[in-house]
Amino acid sequence: MTISALNPTLPSMLTQRIFSRREMIPPRHDILWRIDRGAVRTYTWSEQGTLIALGYWGKGDIVGHCLSRVNPYQIECLTSVETSLLPVKFWDEALEAMLSHIQQTEELLSIIHRKPVSLRLWQFLNWLSQKFGRQVDSGQLIDITITHQEIAEVINTTRVSVTRMLQQFEQEGILLRHQRQLIIPLVNNDKIKFR
C-alpha cells in the first residue's frame, strides 16, 4: 500500500520538487523525501575520504537524513528525479515505506558482507535487477545507469576488479550487455560457481 493509498488527499498537499541527474537533494532533519520518479543513492564517506554507499532508492521509496545516524549524509540523484516533501506530520502515513527502507538496507548490508567478491557482485546485480529491472526477451534488464566505480563503492572493491568480474560473467554467459546496460539472463543460479 502506498502513502497516497492511505490518504488520497496527501499527494495534492505535498510540495513537489524536481532534481537533475547528479544533483544533491538537501538532507533536512525535519522532512523525508518520497521518490515519485527516478533513482537516487545515499552515501557517506570515511575520514580518509572513501565514499561509502548506504543505499539505492527508486519510485515509492523514502529517503532523508532523519532515517540515518550517519554523518555526513548525502542524497545524490542518479537520474532526473521527482520528489515529494513529506513533513513530520505525515510520517505516520509513511510507515510501510519506512519498513521497506529498513528491509532494503538490511538486504544490501547482507550482500556487501558475502564472500567471495564475485558472489557479492553477482548478488548486488541481482538486487539491482529486482529493484530497478524490467523484463526483456533475454532476461531482466537493470534499468539504471551505474558505473563500475559506483558498483565498486557499494561492494567494497576496486573498479578494475568490477570490470574484470563483469567481463568474466559475460564470458560465462551469466550476464549480457545491451549497449551500456546489463541484463541478468534467465539462468539457474545454482549452477554458477564463484571464486
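Visitor: What's the mean pLDDT of the protein chain?
Guide: This is a predicted model, and the mean pLDDT of the chain is 88, with 89% of the residues at 70 or more.

Visitor: Which elements have the lowest and highest mean pLDDT?
Guide: Helix α1, residues 3-6, has the lowest at 43, while strand β7, residues 74-77, has the highest at 97.

Visitor: And where does pLDDT stay under 50?
Guide: Over residues 1-9, for which the model has 12 contacts beyond four places in sequence.

Visitor: OK, on to packing. How many residues are in the largest nonpolar core?
Guide: There are 28 residues in that core, and Y56, L121, F124, L125 and I151 have the most contacts inside it. The elements giving two or more residues to the core are β5 (51-57), α3 (95-112), α4 (117-132), α5 (148-155), α6 (159-172) and β12 (181-185).

Visitor: Which of them gives the most?
Guide: Helix α4, with seven residues.

Visitor: What is L125 in contact with, leaving aside its neighbours within four places in sequence?
Guide: L125 is in contact with I142, I151, L166, F169, L175, L182 and I184.

Visitor: What about a second core?
Guide: A separate one has 13 residues, including W33, V63, I75 and V81.

Visitor: Switching to charges: how many salt bridges does the structure hold?
Guide: The structure holds 10. In one of them, the side chains of R22 and E76 meet at 3.1 Å, N to O. R22 sits in the loop between β1 (16-19) and β2 (24-25) and E76 in strand β7, so this pair links distant parts of the chain, 54 residues apart.

Visitor: Are R22 and E76 buried or partly exposed?
Guide: R22 is partly exposed, at 30% relative accessible area. E76 counts as buried because its relative accessibility is 6%, under the 20% cut-off.

Visitor: Which residues are linked with them in a network of salt bridges?
Guide: R41, E150 and E153 are linked with R22 and E76 in that network.

Visitor: What about K131 and D61?
Guide: Their side chains form a salt bridge at 2.4 Å, N to O. K131 lies in helix α4 and D61 in the loop between β5 and β6 (62-63), so the pair ties together parts 70 residues apart in sequence. K131 counts as partly exposed at 24% relative accessibility, whereas D61 counts as buried at 7%.

Visitor: And which residue does D143 pair with?
Guide: D143 forms a salt bridge with R134, with the closest N and O atoms 3.0 Å apart. D143 is partly exposed at 38%, and R134 is partly exposed at 41%.

Methods. Residues are numbered from 1 along each chain as its sequence is written. This is a predicted model: local features need pLDDT of at least 70, side-chain atom pairs count only at pLDDT 80 or more; totals for chains, interfaces and linings use all residues. Side-chain values use heavy atoms; hydrogens and water are left out. A nonpolar core is a set of buried Ala, Val, Leu, Ile, Met, Phe, Trp, Tyr and Cys residues joined through side-chain atoms within 4.5 Å. Buried means under 20% relative accessible area, exposed over 50%, partly exposed in between (1.4 Å probe, protein chains only). Helices (H or I, at least four residues) and strands (E, at least two) are DSSP runs, numbered from the N terminus. Contact means heavy atoms within 4.5 Å. pLDDT is the predictor's confidence in each residue, from 0 to 100. A salt bridge is a side-chain nitrogen of Lys or Arg within 4 Å of a carboxyl oxygen of Asp or Glu.
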